[in-house]
Amino acid sequence: MALRLLLDKLSYYLEVKEVRRVERAYVFAEKCHEGQLRQSGDPYITHPLAVAHILADMHMDHESLMAAMLHDVIEDTGVTKGQISRRFGRPVADLVDGVSKLTGIEFQSKAEQQAESFQKMTLAMSRDIRVVLVKLADRLHNMRTLGVLSPAKRRRIARETLDIYAPIAQRLGINDIRLELENLGFAAMYPLRHRRLREAMKAAKKNRKEVVAEIHQSMEVRLDQEKVEATVKSREKHLWSIYRKMREKKRSFRDIMDVFAFRLIVTSVDDCYRTLGMIHNMFKPVPGEFKDYIAIPKANGYQSLHTVLVGMHGVVIEVQIRTVEMEAMASYGIAAHWEYKAGRQTADVNQRRAARWIQGLLEMQQQAGDSLEFLEHVKADLFPDEVYVFTPNGKIIELPGSATPIDFAYSVHTGLGNSCIACRVDGQLTPLSEQLESGQRVEIISAAEAQPNPNWLNFVVTAKARSAIRLPKESAA
Ligand code: MN
């Protein structure tokens with residue numbers, strides 16, 4: 001039974017009592033979803049269970065696993081956050097609530113430039129980064145089981161996955177999930193192109209087999225001679241990245257397939273550079289293609305050496321060299337830095353864990369030379385200080401933290417701010433002084449003869465609102 005399998009998996013890295021709490025969450029969720037079926041006809045509980053499996057493979061902590069079990073009960077069964085909190089504790093209830101809120105926002109793909117704002121909004125709404133990880137796992141399982149939905153629904157979810165969720169996985173450095181989301185998204189968005197490309201790929205693979213084996217072996221022999229402990233992997237290009245290259249860089253399929261990609265995994269940073277020297281000694285490096293992401297990691301923490309070489313018969317060989325830890329980091333990103341200490345379960349601690357991840361990135365960067373700007377970049381990526389709210393027709397407005405409906409009105413249009421008399425937030429009449437939160441839908445009620453109220457100066461935070469309230473006539477002109 002799938003639950004047994006999960007509990008076995010968990011017992012490798014969680015404590016007995018933590019595994020038991022996950023099991024209790026499962027039992028509760030099963031009862032809540034009783035009688036509900038997925039579109040595939042499977043009992044609903046198979047979905048949260050599968051989501052938990054994905055998180056278990058990433059070795060996430062027991063609270064994330066419990067939240068995975070319960071992530072759809074608020075949305076689909078009418079259980080309240082308070083009930084979850086009493087039964088399983090506040091941190092789990094907060095996680096479930098956070099995931100439900102993300103599920104609630106509708107992505108309208110009208111404007112592609114909105115995608116980036118959506119990504120930021122998603123991160124802003126999940127002050128605990130585990131909310132994003134549960135949501136990514138939820139989306140991954142939904143993508144794996146997309147087949148049973150109507151074509152229109154399939155396309156909408158696939159679009160959202162490619163525009164919002166795959167890039168978020170990338171920001172967090174979780175490459176395994178990103179690649180699978182992209183390939184599933186590609187297959188659902190463009191089924192014909194996907195199939196054709198997959199077939200072309202299969203055919204090409206046959207032709208390439210001998211060359212791949214030859215390069216592979218020559219590298220292994222050399223590493224052995226130099227007594228470097230290493231694993232050589234030949235790397236398959238992913239269909240979505242091939243497709244994107246063809247479309248964006250206007251390159252032909254054959255051009256792309258002419259490149260042979262390998263990854264060498266070694267045990268230490270020293271060995272990375274030694275191996276690089278060896279490889280450059282075996283094949284001729286292509287000038288300008290060498291990149292040292294070990295000394296200067298990418299913003300999401302990715303580390304590796306990249307180089308491109310010309311091999312025997314003139315074939316182009318791409319090589320990535322990295323340590324075992326860097327490989328784990330590239331696959332699981334922020335999740336690879338999780339800690340499983342029992343008994344410290346406040347949101348605060350989780351936040352500190354995420355902060356420590358950022359700290360880790362900063363240290364890597366400092367070893368490389370620089371800089372505060374880097375930290376600011378990563379921090380802003382993960383926990384933006386801005387709030388992101390919707391206009392009634394779905395446009396996203398970005399505002400500084402603690403902005404109010406008045407700030408919102410002025411940022412849409414000065415005239416709207418000046419004539420504002422009331423507002424609705426998520427359909428509810430709300431005081432104009434109330435601070436907005438990411439994901440809310442804000443509707444301003446206006447009257448032509450209204451005037452800005454000087455009292456607004458007590459709570460507005462944007463310069464635009466402030467100066468317009470002080471000088472209503474000039475700014476209205
Ligand atoms: Mn779900």
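## Metal site, strands and a cavity

Just after helix 16, Gly333 takes a positive phi of about 55°; helices here are DSSP runs of H or I with at least four residues, strands are runs of E with at least two, and both are numbered from the N terminus. The structure is a predicted model, in which local features need pLDDT of at least 70 and side-chain atom pairs count only at pLDDT 80 or more, whereas totals for chains, interfaces and linings use all residues. Residues are numbered from 1 along each chain as its sequence is written, and side-chain values use heavy atoms, with hydrogens and water left out.

Helix 16 itself spans residues 324-332, and Met326, Glu327, Met329, Ala330 and Ser331 in this helix are buried, a term that stands for under 20% relative accessible area, with exposed meaning over 50% and partly exposed in between (1.4 Å probe, protein chains only).

The manganese ion is coordinated at 2.2 to 2.4 Å by His47 (NE2), His71 (NE2), Asp72 (OD) and Asp138 (OD), where donors are N, O and S atoms within 2.8 Å of the metal (3.2 Å for Na, K and Ca), and sites may look incomplete since water is not among the atoms. Along the chain these donors follow the spacing H-x23-H-D-x65-D. Because His47 lies in helix 3 (residues 46-57) and Asp138 in helix 9 (residues 129-144), the pair ties together parts that are 91 residues apart in sequence. His47 counts as buried at 1% relative accessibility, and Asp138 is buried with a relative accessible area of 3%.

Strand 2 (residues 259-266) has eight of its eight residues buried, so this strand is largely enclosed by the rest of the structure. Val259, Ala261, Arg263 and Ile265 point one way from strand 2, while Phe260, Phe262, Leu264 and Val266 point the other way. Its pairings are listed below; two strands pair if DSSP finds at least two bridges between them.

| Partner of strand 2 | Sense | Bridges |
|---|---|---|
| Strand 1 (residues 230-235) | antiparallel | six |
| Strand 6 (residues 316-323) | parallel | eight |

Within these pairings, the bridge partner of Ala230 is Val266 in strand 2, and Phe260 stands opposite Ile317 in strand 6.

The lining of the second largest cavity has four nonpolar, no polar and five charged residues; Ala, Val, Leu, Ile, Met, Phe, Trp, Tyr, Cys and Pro count as nonpolar, Asp, Glu, Lys and Arg as charged, and the others, Gly among them, as polar. A cavity is a set of points, on a 1 Å grid over the protein atoms alone, where a 1.4 Å probe fits but cannot get out, and lining residues have an atom within 4 Å of a point.
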